[in-house]
Amino acid sequence: MTMIATCIYCGDDDPAKFSGREHVIPQAFGTFGAKTPTLKCVCDPCNTALGRELDQMLARDTLEGVARYAQGRLSKEMRPQRRLRFTLADQTEAGEMLGAAIAGLDPTTNQLLPLATQLQIENRQTGKTDIFTRAQLGRFTLSDEVYGPPGARKLAIFAPSKDEHDAFLEELNQAGFDMRMAGPSRFDINPSVDETGQTTIGVHIEGTFDQLHRRALAKIFVNFAAFYLGEEVNAARWASLKRFIRYGEGELGARLSNGPFWTGQETETMRFPDAINVRLENHARGIVGVIQFYNRYTYELLLLDGERLNREIAARFEDGEEPTLGIRRAVLAP
Ligand SMILES: [Zn+2]
């Protein structure tokens, strides 16, 4: 007997389109021994398209994506993060450079990239500071409406040396930006040195939990449901969630928290810092997917509004280890 595969995302069942396997947890985050969960029920075109749009973004351009480098999951390609902003966060180390932006993290080494020569200027419309690097020169404009007229702009130039600073200022003026600088030039960083001689520097990383990010996480939940709950995921009630994943159609309720994932098994000091934790559960509002990478933020997504699962499921994935399935323990009355 031959199994006929039907794609859980697009419904295609052409046998010629099922040569690959979809990883439930994107492969960039690890493999899990002989029990790495993979799916035969995702067609090659969906596997490729969603992998490119969602998995790659999640693995390269989110907090959890860069956190995997510290887990030893380094990348072979040098590709700076575009969706994250890294800024110097420690007053003692950064001094006058506090708030200066670092280009990002080198995915091949997990080391910070050098400080980019940059202009920081207050955006009057958003109230935030916009950052333009020297490399972007020629690709940005500074309108009076957004940044105020020359002389009244709140701006600073950060550079790794005085020469770089002066050269960038000159280039900005030649480009017609009329930079009237008041205040000191800034080009000193004093990293902390730990007991092993390793220099460290406090960095603030800022990312946005936007629709693209939600789609990437939602796909993990649908994959997870397909693997552990089987046919359930082909029920009609999953259709709109799949459209959200494939096309970004509609909205998905979501929230972020800092709470422990494995209530009862974890304490303030005992967590599972090397694991990716996933669960599907019934909430008052519907079926909720919960995911946490490396003991950082816990993301909760309302996947199916007003629906319930027959069976809740949770699993812990640690690179190189077989997955551990969680069991929901009955709460005993005192
Ligand atoms: Zn498909």
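Two strands pair if DSSP finds at least two bridges between them. Strands themselves are DSSP runs (E, at least two residues), just as helices are runs of H or I with at least four residues, and both get their numbers from the N terminus. With that in hand, look at β15 and β16: they form a hairpin with four residues between them, and Tyr294 in that turn has a positive phi of about 50 degrees.

Before going on, keep in mind that this is a predicted model: local features need pLDDT of at least 70, side-chain atom pairs count only at pLDDT 80 or more, and totals for chains, interfaces and linings use all residues. Residues are numbered from 1 along each chain as its sequence is written.

**The six-stranded sheet**

- Strands of a sheet pair through backbone hydrogen bonds, either parallel or antiparallel.
- Here, six strands line up as β13-β16-β15-β14-β17-β18 in an open sheet, with antiparallel pairing.
- β13 (254-257) and β18 (324-326) sit at the edges with a single partner strand each, so one side of each has no neighbour in the sheet.
- From one strand to the next, the twist averages 20 degrees (angles run from 0 to 180 degrees between N-to-C directions, and axes are lines fitted to C-alpha atoms, for helices over the stretch in contact).
- Towards one end of the order, β17 (residues 313-318) pairs with β18 in the antiparallel sense over three bridges, and Arg316 stands opposite Thr324 in β18.
- Helix α6 (residues 211-229) packs on this sheet, touching β13, β14 (275-282), β15 (286-293), β16 (298-305) and β17, and its direction makes about 70 degrees with that of β16. Contact here is about C-beta atoms, placed from the backbone, lying within 7 Å of each other.

**Zooming in on β15**

- On one side, seven bridges join β15 to the antiparallel β14; Arg279 stands opposite Val290 in β15, and a hairpin of three residues links the two strands.
- β15 also runs antiparallel to β16, again with seven bridges, and Ile287 stands opposite Leu304 in β16.

- Most residues other than glycine have a negative phi, and most peptide bonds are trans.
- Is Tyr294 buried or exposed? It counts as buried, because it has 20 C-beta neighbours inside 10 Å.
- Asn295 lies in the loop between β15 and β16 too, and has a positive phi of about 60 degrees although it is not a glycine. Asn295 is partly exposed, with 17 other C-beta atoms within 10 Å.

**Helix neighbours of α6**

- The axes of helix α1 (residues 44-60) and α6 come within 9 Å and cross at roughly 105 degrees. That makes α1 and α6 roughly perpendicular to each other (65 to 115 degrees; under 35 is roughly parallel, over 145 roughly antiparallel, and the rest oblique).
- On the α1 side, the contact uses Leu50, Leu54, Asp55, Met57 and Leu58, while α6 brings Leu212, Arg215, Ala216 and Lys219.
- The axes of α6 and helix α7 (residues 239-247) also come within 9 Å, crossing at roughly 135 degrees, and the two are therefore oblique to each other.
- In this second contact, Arg215, Ala218, Lys219 and Val222 of α6 meet Leu241, Lys242, Phe244 and Ile245 of α7.

**A loop residue tucked in: Ile25**

- Where is Ile25? It lies in the loop between β1 (22-23) and β2 (38-39).
- Ile25 counts as buried because it has 25 C-beta neighbours inside 10 Å.
- Not counting residues up to four places away in sequence, Ile25 touches Ile220, Ile276 and Phe317.
- The C-alpha atoms of Ile25 and Asn223 are separated by 8.0 Å, though the two are 198 residues apart along the chain.

Note on methods. Contact = placed C-beta atoms within 7 Å. Buried ≥ 20, exposed ≤ 12 C-beta atoms within 10 Å, placed from the backbone.
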